[in-house]
Amino acid sequence: KRKLSRKKKGSSNYNKQRTCTARKIQKSRRQRYHYLHEQSSILTKSHGVIVFEGLRIANMMQVGGGLSRSIADAGWATFERFCRYKFDWSGGFVVSVDAHCSSQECSVCGHIDARSRRSQSLFVCTKCGHRENADINAAKVLLNRANRSVQPGEGTLLEGALRNRKAGRKVVFRKVRRPSGASAKP
């Protein structure tokens, strides 16, 4: 892109550089999509339920700074979209859970305090003293929130969440119960 900005618009060198730049951008996009397809296929074949943290990705990219390009390159929204349509084919279930205070809430007692997040990697609850890696604690909080979203009497999302891969056989899918009001297509 920098080489292109140095060329005079309309010149033959500008046009040659423009096609070269477009090819490189297209190649990186194809590589990103290939990786996201591989990872989403692995997850949808081995799990019946995937819980996503409901981040406002578009807002995060508008804030600016150095994160917007990294977020766009990672393809978070594309990954979630791939998982959703693959689960529509295979009968799985994707849940999007509110992200509000998930990194500050204790997975054991449910207490929310910003001081519990001691560092980027350490979580120590100020109420019950529970000590755990901050990312693992936040993942457990999101899972608890997803299980609470299930209607009473239907069990939990974890029932039927695992899929077995037997040697030499295809993946055996277990039926996953959907909460009432949840449609098959998002």
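Reader: Which residue forms a salt bridge with Asp113, and how far apart are the closest N and O atoms?

Author: Asp113 pairs with Arg115, and their closest N and O atoms are 3.1 Å apart. A salt bridge here is a side-chain nitrogen of Lys or Arg within 4 Å of a carboxyl oxygen of Asp or Glu. This is a predicted model, where local features need pLDDT of at least 70 and side-chain atom pairs count only at pLDDT 80 or more, while totals for chains, interfaces and linings use all residues. Residues are numbered from 1 along each chain as its sequence is written, and side-chain values use heavy atoms, with hydrogens and water left out.

Reader: Is Asp113 buried or exposed? And Arg115?

Author: Asp113 is buried because its relative accessible area is 13%, and Arg115 is exposed at 62%. The cut-offs are under 20% relative accessible area for buried, over 50% for exposed and partly exposed in between, with a 1.4 Å probe and protein chains only.

Reader: How many salt bridges does the structure hold?

Author: There are four salt bridges. One of them joins Lys140 and Glu132, with the closest N and O atoms 2.6 Å apart. Lys140 is partly exposed at 38%, whereas Glu132 is buried at 14%.

Reader: Nice. What does Glu80 form a salt bridge with?

Author: With Arg84, at 3.0 Å between the closest N and O atoms. Both residues lie in helix H5, four residues apart, about one turn of the helix. Helices (H or I, at least four residues) and strands (E, at least two) are DSSP runs, numbered from the N terminus. An α-helix has 3.6 residues a turn, so residues three or four places apart point the same way.

Reader: Why does Glu80 count as buried?

Author: Because its relative accessibility is 18%. Arg84, at 21%, is partly exposed.

Reader: Which residues in H5 are buried, and what covers them?

Author: Thr78, Phe79, Glu80, Phe82, Cys83, Lys86 and Phe87 are buried. Their cover includes H2, E1 and strand E2 (93-98), where contact means heavy atoms within 4.5 Å.

Reader: On to the core. Which residues make up the largest nonpolar core?

Author: It has eight residues: Leu36, Ile50, Phe52, Phe79, Phe82, Cys83, Phe87 and Val94. E1 and H5 each supply at least two residues of this core, and the largest share, four residues, comes from H5. By definition, a nonpolar core is a set of buried Ala, Val, Leu, Ile, Met, Phe, Trp, Tyr and Cys residues joined through side-chain atoms within 4.5 Å.

Reader: What does Leu36 touch?

Author: Leaving out residues up to four places away in sequence, Leu36 touches Ala74, Gly75, Thr78, Phe79 and Phe82. A second, separate core has six residues, including Phe93, Val95, Leu142 and Ala146.

Reader: Now the rings. How many aromatic pairs does the count come to?

Author: Four aromatic pairs. One is Tyr33 with Phe82, edge-to-face, at 5.6 Å centre to centre and 85 degrees between the planes. This pair links distant parts of the chain, with Tyr33 in helix H2 (residues 12-46) and Phe82 in helix H5 (residues 76-90), 49 residues apart. Rings of Phe, Tyr and Trp (its six-membered ring) pair if their centres lie within 6.5 Å; planes under 30 degrees apart count as stacked, over 60 as edge-to-face and the rest as tilted.

Reader: Which residues form one aromatic cluster?

Author: Tyr33, Phe82, Tyr85 and Trp89 form one.

Reader: Last one: where does Ser102 lie, and what is it in contact with?

Author: Ser102 lies in the loop between E2 and strand E3 (122-124). Ser102 is buried, with a relative accessible area of 2%. Beyond its neighbours within four places in sequence, Ser102 is in contact with Glu53, Ala138, Val141, Leu142 and Arg145.
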